[in-house]
Amino acid sequence: MENNTENKFVFEDISSTSPTFKSEMVAAANEYSNGAFRNIDKVIKVISFIVAIAIALVFFAIAAVLVMLDKTFTVIAVAVVVVGLVLSLICLFLIYGIGHIITQNKQILRHLRF
């Protein structure tokens, strides 16, 4: 067997302090901020309100149908409304929270000025 010293492994530093890595991150951040998802945080927040209102309206309609069928279903209709409101608020907070996280992330990126 021959001793071949020409085949050596070369390691490249790709840490976050290297200028190449920083320039790639700046390009990626600029592409993201100037792209189609520029106002996605606001869109998600609006969608959260639309979804919450739609869920509440569906449960109100179910409760109204129950009351129209028979007056003895009034207690069940009230329970359906309460469950619908709780479910719509949970969905509102979850979806709105995602939009708020995106807003904060954009503010952090703006302050860091990659």
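What follows is a short chat about this structure.

User: What kind of model is this?
Analyst: This is a predicted model.

User: OK. How many helices and strands does the chain have?
Analyst: The chain has three helices and zero strands. From the N terminus on, the order of elements is α-α-α.

User: And what share of the chain is buried?
Analyst: Buried residues account for 17% of the 114 residues.

User: What about contacts, how many join residues at least 24 apart?
Analyst: Take the contacts between residues at least 6 apart in sequence. Of those, 68% join residues at least 24 apart.

User: Let's do α3. What span should its 39 residues have, and what do the end C-alpha atoms give?
Analyst: At 1.5 Å a residue, α3 should span 57 Å. The end C-alpha atoms of α3 are 57 Å apart, so the two agree.

User: What comes after α3?
Analyst: Arg113 follows α3. The phi of Arg113 is positive, near 50°.

User: Now α2. How far does that one reach?
Analyst: α2 has 30 residues and reaches 43 Å from first C-alpha to last. That is close to the 44 Å expected at 1.5 Å a residue.

User: How do α2 and α3 pack?
Analyst: Their axes are 8 Å apart, and the packing angle is about 175°. An angle over 145 degrees counts as roughly antiparallel, so α2 is roughly antiparallel to α3.

User: What's the make-up of that contact by class?
Analyst: The contact of α2 with α3 has 26 nonpolar residues, seven polar and three charged.

User: Which residues of α2 are buried?
Analyst: Asp41, Ile44, Lys45, Ser48, Ala52, Ile55, Ala56, Phe59, Ala63 and Leu66. The buried residues of α2 pack against α3.

User: And on the α3 side?
Analyst: The buried residues of α3 are Ala77, Val80, Val81, Gly84, Ser88, Leu92, Gly99 and Thr103. What covers them includes α2 (40-69).

User: Pick up Ser88 from that list. Where does Ser88 lie, and what is it in contact with?
Analyst: Ser88 lies in helix α3, residues 74-112. Leaving aside neighbours within four places in sequence, Ser88 is in contact with Ala52, Ile55 and Ala56.

User: Why does Ser88 count as buried?
Analyst: Its relative accessible area is 5%. Buried means under 20%, so Ser88 qualifies.

User: What does Asp41 touch?
Analyst: Gly99, Ile102, Thr103 and Lys106, not counting residues up to four places away in sequence. Gly99 and Thr103 are among the buried residues of α3.

User: Switching to rings. How many aromatic pairs are there?
Analyst: The structure holds one aromatic pair. The partners are Phe49 and Tyr96, with ring centres 5.9 Å apart and planes at 75°.

User: Why call that edge-to-face?
Analyst: Planes over 60 degrees apart count as edge-to-face. The planes of Phe49 and Tyr96 are at 75°, so the pair is edge-to-face.

User: Which parts does the pair tie together?
Analyst: Phe49 lies in helix α2 and Tyr96 in helix α3, so the pair ties together parts that are 47 residues apart in sequence.

User: How accessible are the two partners?
Analyst: Phe49 is partly exposed, at 45% relative accessible area. Tyr96 is partly exposed too, at 31%.

User: What else does Phe49 touch, besides Tyr96?
Analyst: Leu92, again not counting residues up to four places away in sequence.

User: And how far is Phe49 from Phe93?
Analyst: They are 9.3 Å apart in space, C-alpha to C-alpha. Along the sequence, Phe49 and Phe93 are 44 residues apart.

User: Last one, Val46. Where is Val46 found, and how accessible?
Analyst: Val46 is found in helix α2. At 48% relative accessibility, Val46 counts as partly exposed.

User: What's the distance from Val46 to Gly99?
Analyst: Their C-alpha atoms are separated by 9.1 Å. Val46 and Gly99 are 53 residues apart along the chain.

Notes:
Residues are numbered from 1 along each chain as its sequence is written. This is a predicted model: local features need pLDDT of at least 70, side-chain atom pairs count only at pLDDT 80 or more; totals for chains, interfaces and linings use all residues. Side-chain values use heavy atoms; hydrogens and water are left out. Helices (H or I, at least four residues) and strands (E, at least two) are DSSP runs, numbered from the N terminus. Buried means under 20% relative accessible area, exposed over 50%, partly exposed in between (1.4 Å probe, protein chains only). Contact means heavy atoms within 4.5 Å. The expected span of a helix is 1.5 Å times one less than its number of residues. Axes are lines fitted to C-alpha atoms, for helices over the stretch in contact, and angles run from 0 to 180 degrees between N-to-C directions. Angles under 35 degrees count as roughly parallel, over 145 as roughly antiparallel, 65 to 115 as roughly perpendicular and the rest as oblique. Ala, Val, Leu, Ile, Met, Phe, Trp, Tyr, Cys and Pro count as nonpolar, Asp, Glu, Lys and Arg as charged, and the others, Gly among them, as polar. Rings of Phe, Tyr and Trp (its six-membered ring) pair if their centres lie within 6.5 Å; planes under 30 degrees apart count as stacked, over 60 as edge-to-face and the rest as tilted.
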